[in-house]
Amino acid sequence: MKKIYVLDTNVLLHDPLALFAFGSNEVVIPSVVLEEIDSKKRLADEIGRNARFVSRELDRMREIGHLHNGVTLENGGVLKVEMNHRRFVRVQELFGEMTNDNRILAVALNYHLEEQEQPESARPVILVSKDVLVRVKADVLGVTAEDYLSDRIAEGTDHYTGQVTLHVHPAQIDEFYTYRFLSINQLGLKQKLHPNEFVILRDELGTSKSALLKVSQDGARLEPLHLSNEPVWGITARNAQQRMALELLLNDEIPLVTLTGRAGTGKTLITLAAGLLKVEDEHKYKKLLIARPVVPMGKDIGYLPGEKEEKLRPWMQPIYDNLEFLFDTKKSGDLDKILMGLGSIQVEALTYIRGRSIPGQLIIIDEAQNLSKHEVKTIVSRVGEHSKIVLLGDPEQIDHPYLDAQSNGLTYLVETFKAEGISGHVTLEKGERSKLAQLAAEKL
């Protein structure tokens, strides 16, 4: 049975392709949504770009037919702009002032009641919104409401961690140490291993015999880690996951690395240490570019006093804290002098990265869990020849109002690229900041 989907403004501003994401069903856009989109189209950030995209698509649809009557889409669905708010009395009685959200609710309620008048052919009416309270209000009105799910990884899918533990016969562990590789086919695994995924082999008979390996880039065999556990700019891996992370960070053949984990697991510190080694010692890259989103991304930082560097400092302070630790600076001004003297380390806001082409650089994006999948696409597509990009974040600690652990850009990137030989991912699990920080991450 075909359905009627009424879209909230935040769905289109979050993903402008949502216009075409509902198959052969009818997609209804309340007229107040057009007003809200119009108010956003002059913004210079991602929301403004999405608003302009939706505006252009609606104008293209208008050339096909009258939107208030419905226009047939290429996927067999129907797109319609709805002007009718007749049944807003009940909404106003329950929620008071007729805000834009309540007008959208009124349109959904109007459709729902009209469909119920013809029970033999009634189509389900579903309000789609990223706003939790709008969905709650819809439930009060008796209208079915859903979150927009097309931008999420599949429900029930476990997050890819980049590592797996296999229990095998001890003879296979001995074979690895003898020949320094193992064919994946000979292990007879039911599960699929991805390129650059880490594998811990343990003795199925219960002895302490074990081995740490990595899937080759072509996904055909297991090979040893290429790096020893030597310090990198004074930082030594304290656990297996940190060692895995350094293996990916220092491998020049893997241009895309993603690291996730709770606060205090060392994501930023070991990434900066690896970046300094590659830029300052090995001169593999011309510059180390470090960026964080000014949450929400694209928000103007002009309200803070001073020049751009002074305005960025509060947002970037966690980066400077880690750099102060790596450079072992004692005074607050020492780090600025060191960075000025080196000239190869640039701390920037993501606001300024759009439109750039960044060749020959090591790019570190911190707090990437606060980016949408479109923003992640924008960033990764900036990477030029001979560059490497590392995205860090904690998918469980999101500040963006319409993103969660399943729909944020970092999670989407990890799942999309896990089968690609040019990328690698590790989820860091053990906190190394302090016992208090580890306990807080687990208990709070």
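I will call a residue buried when its relative accessible area is under 20%, exposed when that area is over 50%, and partly exposed in between, using a 1.4 Å probe and protein chains only. The model is a predicted one, in which local features need pLDDT of at least 70 and side-chain atom pairs count only at pLDDT 80 or more, while totals for chains, interfaces and linings use all residues. Residues are numbered from 1 along each chain as its sequence is written, and side-chain values use heavy atoms, with hydrogens and water left out.

Let me start with the salt bridges, by which I mean a side-chain nitrogen of Lys or Arg within 4 Å of a carboxyl oxygen of Asp or Glu. The whole structure contains 18 of them. In one, Arg123 pairs with Glu26, with 2.9 Å between the closest N and O atoms. Helices (H or I, at least four residues) and strands (E, at least two) are DSSP runs, numbered from the N terminus. Arg123 sits in the loop between helix H5 (100-116) and strand E5 (125-128), whereas Glu26 belongs to strand E2 (residues 26-30), so this pair ties together parts that are 97 residues apart in sequence. Arg123 is partly exposed at 28% relative accessible area, and Glu26 is buried at 12%.

A salt bridge also joins the side chains of Arg135 and Asp147, at 3.7 Å from N to O. Here Arg135 lies in helix H6 (residues 132-141) and Asp147 in the loop between strand E6 (144-146) and E7, twelve residues apart. Is Asp147 buried or exposed? With a relative accessible area of 17%, Asp147 is buried.

Turning to the sheet, two strands count as paired if DSSP finds at least two bridges between them. Five strands form an open sheet with mixed pairing, in the order E7-E9-E10-E11-E8. Strands E7 (163-168) and E8 (182-183) are at the edges, each with a single partner strand, so one side of each has no neighbour in the sheet. E9 (residues 198-203) and E10 (residues 210-215) run antiparallel and are joined by five bridges, and Arg202 has Ser210 in E10 as its bridge partner. Helix H7 (residues 170-179) packs on this sheet, touching (heavy atoms within 4.5 Å) E7, E8, E9, E10 and strand E11 (221-224).

Finally, Lys214, Asp218, Arg221 and Glu223 are linked in a network of salt bridges. Within it, the side chains of Arg221 and Glu223 meet at 3.7 Å, N to O; Arg221 is partly exposed at 34% relative accessibility, while Glu223 is buried at 12%.

Technical notes. Axes fitted to C-alpha atoms, helices over the stretch in contact; angles between N-to-C directions.
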